[in-house]
Amino acid sequence: MKDIFISKSRYADTTFDSYEKYKKAVLLGQLCLLISIICVAYVILDSLLGRFQVVPYYLMCAVTSGLVIIINRQGHFKLASTIFLSIMILLLYVFTDNDQALIGTHMYLVVYGLVAITLYGYENIAWSICFLLVTLVCFYIAYFADLPPIIQAPPLTEPLKQTYFIANFFIILSLSSLLVFFLISINFKANKAIWQKTQQLSKANNDLDRFVYNASHDLKAPLNSLTGLVELSKHSQDLAEVKTYLQMMTKSIGNLDTFIHEIIDYSRNAKTELKLEKFNLLELTKDVGDALKFSQGFEKVKMIYSIPTESLITSDSTRLKVVLNNIIGNAIKYHDPQQSDPWVMVRSTIHTDKLMIEVEDNGIGIDDQYKPKIFDMFFRANDTMKGSGLGLYIVKETLEKLGGRIDLTSQLGKGSVFRIELPLS
Ligand code: ADP
């Protein structure tokens with residue numbers, strides 16, 4: 001329905017500013033429609049009463065409304081508002097000037113004053129004041145100046161005067177209420193948007209604090225260990241010992257490298273826009289599996305893919321890769337060394353509008369007490385394996401950006417299943 005007055009695509013931008021402009025454009029369209037309906041009703045009423053002299057003026061109002069709706073639909077909201085207010089106030093002056101019987105026509109000037117304030121808003125306060133002054137001048141001339149009436153219509157009888165007055169009262173009350181309601185709703189939405197932004201900012205601030213604290217530790221630990229190993233190597237004469245130190249250094253560098261990659265993944269997800277493209281899910285998952293070939297424990301774990309060969313989907317492949325890399329990587333990393341046949345299975349099913357991916361393992365599993373915190377930043381439920389505790393946090397943040405979600409079923413000593421749900425565009 002709102003698309004009749006303005007095409008939403010003209011304000012596709014999701015910022016509040018744009019949303020407010022869009023709502024104002026819709027309001028202008030609604031006002032034009034209402035005024036046209038009122039004019040048609042008055043045309044019928046006055047024609048029945050033989051007051052044909054007023055009919056052209058009502059028709060002018062209706063035609064102006066139609067014209068304004070067209071200009072507004074083209075996206076020229078400000079021009080449409082200015083034309084609307086200028087012509088309508090002028091026509092209203094003619095009616096007010098003719099309102100010798102005092103049937104409440106001049107009160108419509110108050111409505112147009114309110115319309116000017118609502119449409120132009122605080123950012124165009126000068127225009128609002130300008131139109132308010134015009135309504136004041138019109139009222140002054142029509143009410144106080146002793147000019148002959150512009151429309152020479154036959155006078156109304158006493159009961160008709162009362163009917164017109166009551167009808168005008170209700171129309172003015174409805175229009176004013178519509179405007180006040182509009183302003184309240186815009187204000188409410190603005191407050192809500194500010195509140196949401198504040199929540200996001202305070203979350204980002206808390207995350208940043210914790211991030212700096214933990215990251216400095218995670219970056220320093222491998223560097224400290226490297227410094228220590230370099231010192232030990234310097235003083236060692238034994239080649240075998242130096243080789244062991246070099247292996248330990250490689251491990252520290254590997255930890256540092258993984259951590260830096262995780263930071264890059266996190267930042268990329270937060271900063272870059274979604275990039276939707278068509279890709280084959282099986283190929284993408286196998287690529288992820290292949291890239292994990294050199295991770296610890298990979299050689300012991302059997303990888304099983306149960307994904308249809310022709311599974312073409314549209315999503316952000318870079319982000320989905322990050323998600324799968326972390327979950328499959330964890331399933332390999334947290335395999336059970338006591339298990340004779342460790343495996344990781346990746347399954348997928350496509351429903352009409354969503355993609356389900358399950359990553360199941362028969363690894364060490366997760367204790368119930370840790371499950372609620374498993375997706376928190378820097379949370380680790382295992383001390384035996386090295387890690388930053390960022391992986392599942394990145395998974396959760398990335399899926400949020402993709403409009404998806406993740407849940408977990410796990411039993412300590414038995415294994416885990418991570419279930420991803422993604423909307424398909
Ligand atoms: P990291 O692996 O760096 O510790 P993650 O955020 O990826 O951090 O995982 C958080 C914790 O969740 C891990 O420390 C681990 O205890 C647990 N975890 C994640 N995936 C699995 C899994 N497949 N099996 C068992 N435990 C897991």
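Student: Is Gly66 buried, partly exposed or exposed?
Tutor: Bear in mind that this is a predicted model. Gly66 sits in helix 2. Buried means under 20% relative accessible area and exposed means over 50%. Gly66 has a relative accessible area of 29%, so it is partly exposed.

Student: How far is the C-alpha atom of Gly66 from that of Gly29?
Tutor: Along the chain, Gly66 and Gly29 are 37 residues apart.

Student: What joins the side chains of Ser416 and Ser410?
Tutor: Ser416 lies in strand 7. At 4% relative accessibility, it counts as buried. Not counting residues up to four places away in sequence, Ser416 touches several residues, including Ile366, Leu408 and Ser410. The side chains of Ser416 and Ser410 are joined by a polar contact of 2.9 Å.

Student: Why is helix 9 described as largely enclosed by the rest of the structure?
Tutor: Helix 9 covers residues 317-333. Count its buried residues. Helix 9 is largely enclosed because the buried ones number 13 of the 17.

Student: What span does helix 9 reach from its first C-alpha to its last?
Tutor: At 1.5 Å a residue, 24 Å is expected for helix 9. The model comes close to that, at 23 Å.

Student: Which residue caps the N-terminal end of helix 9?
Tutor: Look for a side-chain oxygen 3.3 Å from the backbone nitrogen of Thr318. That oxygen belongs to Asp316.

Student: Which helix gives the most to the shell around the ligand?
Tutor: The ligand is surrounded by 21 residues, and the closest are Asn330, Tyr334, Arg380, Gly389 and Leu392. With three residues, the largest share of the shell comes from helix 9.

Student: How far is an oxygen atom of the ligand from an N or O atom in the side chain of Tyr334?
Tutor: For Lys333, a polar side-chain atom lies 3.1 Å from an oxygen atom of the ligand. For Gly391, a polar backbone atom is 3.3 Å from a ligand oxygen. For the side chain of Tyr334, the distance is 2.7 Å.

Student: How much of the ligand's accessible area does the protein cover?
Tutor: On its own, the ligand has 530 Å² of accessible area. The protein covers 98%.

Student: Which side chain makes a polar contact with the side chain of Asp207?
Tutor: Asp207 lies in helix 6. At 9% relative accessibility, it counts as buried. Not counting residues up to four places away in sequence, Asp207 touches Tyr266, Met377 and Tyr393. The polar contact, at 2.7 Å, is with Tyr393.

Student: How far apart are the end C-alpha atoms of helix 7?
Tutor: Helix 7 has 33 residues. At 1.5 Å a residue they should span 48 Å. The model agrees, with end C-alpha atoms separated by 47 Å.

Student: Which residue caps the N-terminal end of helix 7?
Tutor: The backbone nitrogen of Ala240 has a side-chain oxygen 3.1 Å away. That oxygen is from Asp238.

Student: What is the phi of Phe378?
Tutor: Phe378 is found in the loop between strand 5 and helix 10. At 12% relative accessibility, it counts as buried. Most residues other than glycine have a negative phi. Phe378 is not a glycine, yet its phi is positive, at about 65°.

How values were computed:
Residues are numbered from 1 along each chain as its sequence is written. This is a predicted model: local features need pLDDT of at least 70, side-chain atom pairs count only at pLDDT 80 or more; totals for chains, interfaces and linings use all residues. Side-chain values use heavy atoms; hydrogens and water are left out. Helices (H or I, at least four residues) and strands (E, at least two) are DSSP runs, numbered from the N terminus. The expected span of a helix is 1.5 Å times one less than its number of residues. Buried means under 20% relative accessible area, exposed over 50%, partly exposed in between (1.4 Å probe, protein chains only). A polar contact is a pair of N or O atoms within 3.5 Å; within protein, one must be able to donate a hydrogen and the other to accept it, and residues adjacent in sequence count only if both atoms are side-chain atoms. A residue is near a molecule or strand if one of its heavy atoms lies within 4 Å of it. Accessible areas come from the Shrake-Rupley method with a 1.4 Å probe; for residues, only the protein chains shown count as cover. Contact means heavy atoms within 4.5 Å.
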